[in-house]
Amino acid sequence: MNVIYYYHIPKCGGSFIRQYLNRLNDKNKNSIFIPYVNIFEHQYHTVPIIIKNILDLKYNNIFIYHHHSPYGMRDIHDCLEETKDKIINSGGTFFLFTSVREPTSYITSHINFINNAPETGPWPKEYRWSYDRAINEKWFSNYQSKYLLYNHYSLESYEKDISPLDVKPELQLFDKIYKTDNLNAIKNDLRNKISNVDMCWKDEKINTTDHKLLLSEEQKEAYLANNQIDNWLYETAANL
């Protein structure tokens with residue numbers, strides 16, 4: 001059994017990777033693609049059950065896509081670790097990975113994305129952020145690290161200060177953390193795990209936005225000062 005589990009942090013190439021996993025699922029026999037749905041009510045209590053019951057699935061390849069969810073890595077750490085160990089000890093593969101983005105590139109992408117989204121979509125007018133607001137909103141500081149920990153558990157969680165000590169235990173579960181400027185490395189790590197890796201890869205990006213709104217040097221300096229944990233996370237990714 002091969003389990004490929006991707007934890008999608010927003011604006012870090014996740015939609016691209018989701019489509020890639022979908023294509024791998026289509027091309028490989030006896031496979032299943034499991035996306036955690038965006039309707040939170042459908043996820044309460046079910047995500048830990050899905051993880052615990054992976055061994056009972058009768059598939060050679062299982063592709064799991066974890067995005068917007070009431071469960072962050074902090075919440076599923078124990079059941080994920082237990083299932084991962086069981087699969088590996090039984091001779092299978094469990095490859096858990098995510099991707100992160102350089103902080104100033106991250107906020108540039110985020111601001112331009114929500115300001116270009118249609119007002120009738122998921123980002124109404126009150127979400128049309130400026131850089132200054134993004135810099136000063138405490139809940140949005142170190143957002144990549146907080147999303148890794150909490151996902152959409154609660155806004156109160158995002159108001160808390162965090163440190164590398166909060167994030168490190170979750171990082172230990174990951175087999176790889178990719179930088180968005182080196183997603184091609186995913187292919188190298190999957191070739192010895194599943195088939196059709198290169199056939200299913202496509203280089204064209206999706207969900208891209210023209211970056212018409214740019215950070216000033218002063219804003220960049222202020223943003224980095226408020227997002228030191230995300231910068232640490234990005235630099236740490238090079239060592240995993």
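**Helix and sheet**

Trainee: Where does helix H1 lie?
Mentor: Helix H1 (residues 14–27) lies across E1, E2, strand E3 (61–66) and E4. It runs at about 155 degrees to E2. Axes are lines fitted to C-alpha atoms, for helices over the stretch in contact, and angles run from 0 to 180 degrees between N-to-C directions. Contact means heavy atoms within 4.5 Å. Helices (H or I, at least four residues) and strands (E, at least two) are DSSP runs, numbered from the N terminus.

Trainee: What kind of model is this?
Mentor: It is a predicted model: local features need pLDDT of at least 70, side-chain atom pairs count only at pLDDT 80 or more, and totals for chains, interfaces and linings use all residues. Residues are numbered from 1 along each chain as its sequence is written, and side-chain values use heavy atoms, with hydrogens and water left out.

Trainee: Which residues of H1 are buried?
Mentor: Gly14, Phe16, Ile17, Tyr20, Leu21, Arg23, Leu24 and Asn25. Buried means under 20% relative accessible area (1.4 Å probe, protein chains only).

Trainee: And what covers them?
Mentor: The cover includes E1, E2, E3, E4, helix H10 (185–190) and helix H11 (197–200).

Trainee: New topic. What is the strand order in the sheet?
Mentor: E2-E3-E1-E4-E5, an open sheet of five strands with parallel pairing. Two strands pair if DSSP finds at least two bridges between them.

Trainee: Which are the edge strands?
Mentor: Strand E2 (31–35) and strand E5 (176–179). Each pairs on one side only.

Trainee: How many bridges join E1 and E4?
Mentor: Six, between E1 (residues 2–7) and E4 (residues 93–100). Tyr7 stands opposite Thr98 in E4.

How values were computed:
Buried < 20%, exposed > 50% of the residue type's maximum accessible area, 1.4 Å probe, protein only.
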